[in-house]
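Here are my notes on the model, point by point. Please read them with the structure open.

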Amino acid sequence: MTESESRQSNASSANGGDSVVELRGVSKRFGSLEVLRDVSVKFRRGETAVIIGASGAGKSVILKHIVSLLKPDTGEVHCRGERIDTMTERELVAVRTHFGFLFQMGALFDSLTVAQNVAFPLVEHTKRTAADIAKTVSEKLRMVGLDGLQEKKPAQLSGGQRKRVGLARAIALDPEIILYDEPTTGLDPIRSDIINELIIKLQRELNVTSIVVTHDMASVRKIGDRVVMLHEGQFIFDGSPEEMETSDVKIVRQFVEGRAEDEQLAGIRMKGKP
Ligand SMILES: Nc1ncnc2c1ncn2[C@@H]1O[C@H](COP(=O)(O)OP(=O)(O)OP(=O)(O)O)[C@@H](O)[C@H]1O
Ligand SMILES: [Mg+2]
């Protein structure tokens, strides 16, 4: 077994049976581009797992498999003990109510108010009264520190506020599992920290399982119970943030240190500068 295979097998077998989400031998290609190669990983109930990896490594593709927005070419996806990749769209509706998804691009409806955005899943998936929905919307907006902004439109909000509205919408149905796709990208360090604190608070107060894709190493260190790294279609690292800091895997070290290799910098460095 190579080092990478052994780490990958650790990712799939070392964490017992209490997994809420599991990928088993998932491969995915788009045309000639092989994005995932026989990926196996389990996410445990209540943990905050962070997925790191280069741009284009397939992190968003992994999240989309977890909610069955993409189907594997081979392999299986399991959620809460059920195989979901073979389910019909109709069957998936019920499964997806257990998930909150904070999309990479925010994905708010621009023509709807903040309140209507947060209410959207409640209107779609429940038969609750308008008054009851308004109460939940306030409660969720309060959790993300934005109660009072109900009547604003997304265009009137800052980037950080939009992310928080997306988060309020993601938790509208009290999900068991929240998927975050780059929740702090594009935010200043203070607003990033607010999002990190919210992720921690939701994990504690709602006891959710969080799977967070991020490039932000400050986030990884602050929120992660566990870090997995995707590289060339496979998970090449699976460990605690502390283990990540001391990892001797080259690509992990580069991420930790935020450093490009000489060959990646060829042609960029200015003459005379180190
Ligand atoms: N629906 C699709 N059709 C074709 N190619 C796709 C599709 N979705 C993703 N890809 C390709 O798969 C690769 C992985 O994409 P993905 O969005 O998962 O990357 P990522 O790791 O999330 O990157 P980033 O950090 O930039 O968001 C990319 O090369 C992307 O172009
Ligand atoms: Mg992505």
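1. Start with E182. This is a predicted model, and E182 counts as buried in it because 20 C-beta neighbours lie inside 10 Å. The cut-off for buried is 20 or more. The residue sits in the loop between strand 7 (177–181) and helix 7 (189–206). Most residues other than glycine have a negative phi. Please look at the backbone here.

2. E232 also deserves a look. Its phi is positive, about 50°, and E232 is not a glycine. The residue lies in the loop between strand 9 (226–231) and strand 10 (234–239). Is E232 buried or partly exposed? E232 is partly exposed, because 14 other C-beta atoms lie within 10 Å.

3. Next, K71. Find K71 in the loop between helix 2 and strand 4 (74–79). K71 counts as partly exposed because it has 15 C-beta neighbours inside 10 Å. For scale, take T88, which is 17 residues from K71 along the chain. The C-alpha atoms of the two are separated by 11 Å.

4. Now the ligand. Which residues surround ligand 1? The shell consists of F30, L33, V35, G53, S55, G56, A57, G58, K59, S60, V61 and Q104. By class, 5 of the shell residues are nonpolar, 6 are polar and 1 is charged. Strand 2 (33–44) and helix 2 (59–66) each supply at least two residues of this shell. Helix 2 gives the most, with 3 residues.

5. Four strands form an open sheet, in the order 2-1-4-5, and the pairing is antiparallel. Strand 2 and strand 5 (82–83) stand at the edges; each has a single partner strand, so one side of each is left without a neighbour in the sheet. Strand 1 (residues 19–30) pairs with strand 2 in the antiparallel sense, over 8 bridges. One position to check is L23, whose bridge partner in strand 2 is V41. Helix 2 packs on this sheet and touches strand 1, strand 2 and strand 4. The direction of helix 2 makes about 125° with that of strand 1.

6. Helix 4 (residues 114–125) has a buried set. The buried residues are V114, N117, V118, A119 and L122. What covers them? The cover includes helix 5 (130–143) and helix 6 (159–170).

7. Last, the whole protein. It has 11 helices and 10 strands. How does the protein compare with a globular protein of its length? Its radius of gyration is 19 Å, close to the 19 Å that the globule rule gives for 274 residues, so the protein is as compact as a globular protein of that length. The C-alpha trace spans about 60 × 50 × 35 Å along its principal axes. Buried residues make up 37% of the 274. Take contacts between residues at least 6 apart in sequence: 66% of these join residues at least 24 apart.

Definitions and conventions:
Residues are numbered from 1 along each chain as its sequence is written. Chains are lettered from A and ligands numbered from 1 in the order in which they are written. This is a predicted model: local features need pLDDT of at least 70, side-chain atom pairs count only at pLDDT 80 or more; totals for chains, interfaces and linings use all residues. A residue is near a molecule or strand if its C-beta atom, placed from the backbone, lies within 6 Å of it. Ala, Val, Leu, Ile, Met, Phe, Trp, Tyr, Cys and Pro count as nonpolar, Asp, Glu, Lys and Arg as charged, and the others, Gly among them, as polar. A residue is buried if 20 or more other C-beta atoms lie within 10 Å of its own, exposed if 12 or fewer, and partly exposed in between; C-beta atoms are placed from the backbone. Two strands pair if DSSP finds at least two bridges between them. Two residues are in contact if their C-beta atoms, placed from the backbone, lie within 7 Å. Axes are lines fitted to C-alpha atoms, for helices over the stretch in contact, and angles run from 0 to 180 degrees between N-to-C directions. The radius of gyration is taken over C-alpha atoms; the globule rule is 2.2 Å times the number of residues to the power 0.38.
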